[in-house]
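These are my notebook entries from reading through one structure. I wrote down what I looked up, in the order in which I looked.

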Amino acid sequence: MSEESSAVFRRTMSAEDYARLMAIRNNRLHEFVADAIQLCEPERVIVCDDSPEAVAMTRRMAIQAGEEKPLAIEGHTVHFDGPEDQGRDREVTKYLVPEGDHLSPALKQIERQEGLAEVRGLLKGAMRGRTMIVRFMSLGPTDSLFSIPCVECTDSWYVSHSLNLLYRLGYEQFKHLGEEARFFATLHSAGKLDERMVSAEPDKKRIYIDYLTDTVYSVNTQYAGNTVGLKKLALRLTIRRADREGWLAEHMFLMGVYGPGGRKTYFAGAFPSACGKTSTAMLPGETILGDDIAYLRAIDGQCRAANAEAGIFGIIQNVNAKDDPAIWDVLTKPGEVIFSNVLVKDGRPYWLGMGCEIPDEGENFSGRWYKGKKDAQGNEIPPAHKNARYAVALHALANCDPELDNPEGVLLGGIMYGGRDAHSYVPVQQGFDWNHGIIAYGASLETETTYAILGQEGVPEINLMSIQDFVSLPLGKYIRNNLEFGQKVRKPPLVFGVNYFLRDRETGQFVNAVRDKHVWVKWMELRVHDDVGAIAAPTGWIPKYEDLVPLFRQVLGKQYTLDDYRRQFTIRVPENLAKLDRVEQFHRTQVPDAPPVLFEVLAAQRQRLLKARELFGDYITPEKFLQQDIR
């Protein structure tokens, strides 16, 4: 460490904080923190360790600073982001790309030196008069093959408090690793604040990822998806590390599903936000390992998986006592929970779709709110934002899987990909093999934009593997990495496609009931163990009617009719051919390095659809595929 850095630390830190930082013998860490201090010019710097006192302090200070307010239930607090800071902001989240390097045109990017000058210019002096908090965390279980140490410097106590709930403490891991700590770094400032302690200059919001130095810069924003560097921002860096080291970092939940005899099978699932991801991971009677980011490694010929996180930053809209009992229980009893961008009235939080009457006035992200209030554009402001969230530690959930912190991860039996597809894919199907599943369900994942991303809702788009926004590699390289991973394990997980949003062609109503997803998950569990057969349809293996009838009865206590089955699993040939056209167009224009096998798999699917249409017509009930194998 340079003498200049030491002088910077002694000028801004207490003797105790200086000692805590010096206990970590890592020169790159010291230089990063010194640079952050010199750039942002905080009045003082606090270095947090893993002690209960440090954890309690960061929560206490979030309230004292006014970034959070206590609610009526003990341990519950609320945080508000600004009206223009309610979700991940694609337009200002960019990769810093050095001269001579290239990313796919679908990815937002800026020349590295230009971007560094811009974002560092915005961070210059951003913490004057404030405290910089230095946090040490771990992505993945600590001291394991899955763990990645991370440091975040922030002037937001809310961000620091969120880290406590969402990630594993990592100060001791940093001390143990010393110079061997190959860490990710985040520098964040909320920027200028208004009287509500909300970022006041959203037009100057920037979130830039420098993959040359594994560093994230974030300024003039508070929304956790833009500021908690270990979340999707670090995922972009992790994908590059996984590429170099031969494993996968994925936008996936992890869950344990019980089968016959009490066995438990682990599944991962990739869904864009607001497409059923958390509700699937939280199915009653099953266990949850994680709801957002999973690391997959080939270990001794097996596919092992671990949750990068230790908590949930979940969308709260439509969480209710009937459909989400485990989450509802945590959100309505004493315990540490951060609500964000909900409506607050008399110390109680309210959100859209919670299943009870919502007050006509209170406080929300727009300030004092009343029914009929409009924004500057004349649009009525809802009582709570559609992307309102809750943050809670996974261990607070009664159904938290006991293997959450297993340093060896868990054995993965299946992977599912799901989006919002109103017209083509059936509710559940299985890939014919690893390559088919990865390409036909993952690389072809089509959805509609939702309120979790700033911008227009309801726009159909390809969201490759539900990770497209976060891929810091050429997309074709990322697809190849997934395909090659299947060759590294003796028995790859089965790959499934799910679609909870298929609509009836005549009525426009969803053909799935909300809770039907539990049956699809149970069917997948049986398929992993080859306990039930399936029908070969043009787009994959689909369930047999006789296998779904007992599952609907056992899981939901519901009669399942042949008419239900046909409405859900009729293959719609014209719609599926149109989908293939869109998928192929995307890959030919947006993925110039797409592997040839991708187009081969899509071409084979097209031929199966054309053959089926020749034999049976445009709309084919599933039992017809028992008459002839269309593969």
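Entry 1: I began with helix 1 (residues 3-12) and helix 3 (residues 27-40), whose axes come within 9 Å and cross at roughly 60°; helices here are DSSP runs of H or I with at least four residues, strands are runs of E with at least two, and both are numbered from the N terminus. The axes are lines fitted to C-alpha atoms, for helices over the stretch in contact, and the angles run from 0 to 180 degrees between N-to-C directions. That makes helix 1 oblique to helix 3, since angles under 35 degrees count as roughly parallel, over 145 as roughly antiparallel, 65 to 115 as roughly perpendicular and the rest as oblique. I noted the crossing as left-handed, the term for a near helix turned anticlockwise from the far one by less than a right angle. Where the two meet, Glu-4, Ser-5, Val-8, Phe-9 and Thr-12 of helix 1 contact His-30, Glu-31, Val-33, Ala-34, Ile-37 and Gln-38 of helix 3, contact meaning heavy atoms within 4.5 Å.

**Entry 2: what I am reading.** I reminded myself that this is a predicted model, in which local features need pLDDT of at least 70 and side-chain atom pairs count only at pLDDT 80 or more, while totals for chains, interfaces and linings use all residues. Residues are numbered from 1 along each chain as its sequence is written, and side-chain values use heavy atoms, with hydrogens and water left out.

**Entry 3: strand 25 and its partners.** Strand 25 (residues 410-418) is mostly covered, with 8 of its 9 residues buried; buried means under 20% relative accessible area, exposed over 50%, and partly exposed in between, with a 1.4 Å probe and protein chains only. Strand 17 (residues 302-307), by contrast, is antiparallel to strand 25 with 2 bridges, and Ala-305 stands opposite Val-410.

**Entry 4: the cores.** Tyr-417 came up again among the residues with the most contacts inside the largest nonpolar core, which has 163 residues; the others listed are Leu-139, Trp-520, Met-524 and Leu-548. A nonpolar core is a set of buried Ala, Val, Leu, Ile, Met, Phe, Trp, Tyr and Cys residues joined through side-chain atoms within 4.5 Å. A second, separate core of 37 residues includes Phe-9, Val-45, Met-127 and Leu-187.

Entry 5: Most residues other than glycine have a negative phi. I therefore looked up Met-465, whose phi is near 55°, and which is buried at a relative accessible area of 0%. Met-465 lies in the loop between strand 28 (460-462) and helix 13 (475-485), and helix 13 is itself mostly covered, with 8 of its 11 residues buried. Asp-530 also has a positive phi, of about 60°, but counts as exposed at 62% relative accessibility. Asp-530 is found in the loop between helix 14 (517-528) and strand 30 (535-537).

Methods
Pairing = 2+ DSSP bridges.
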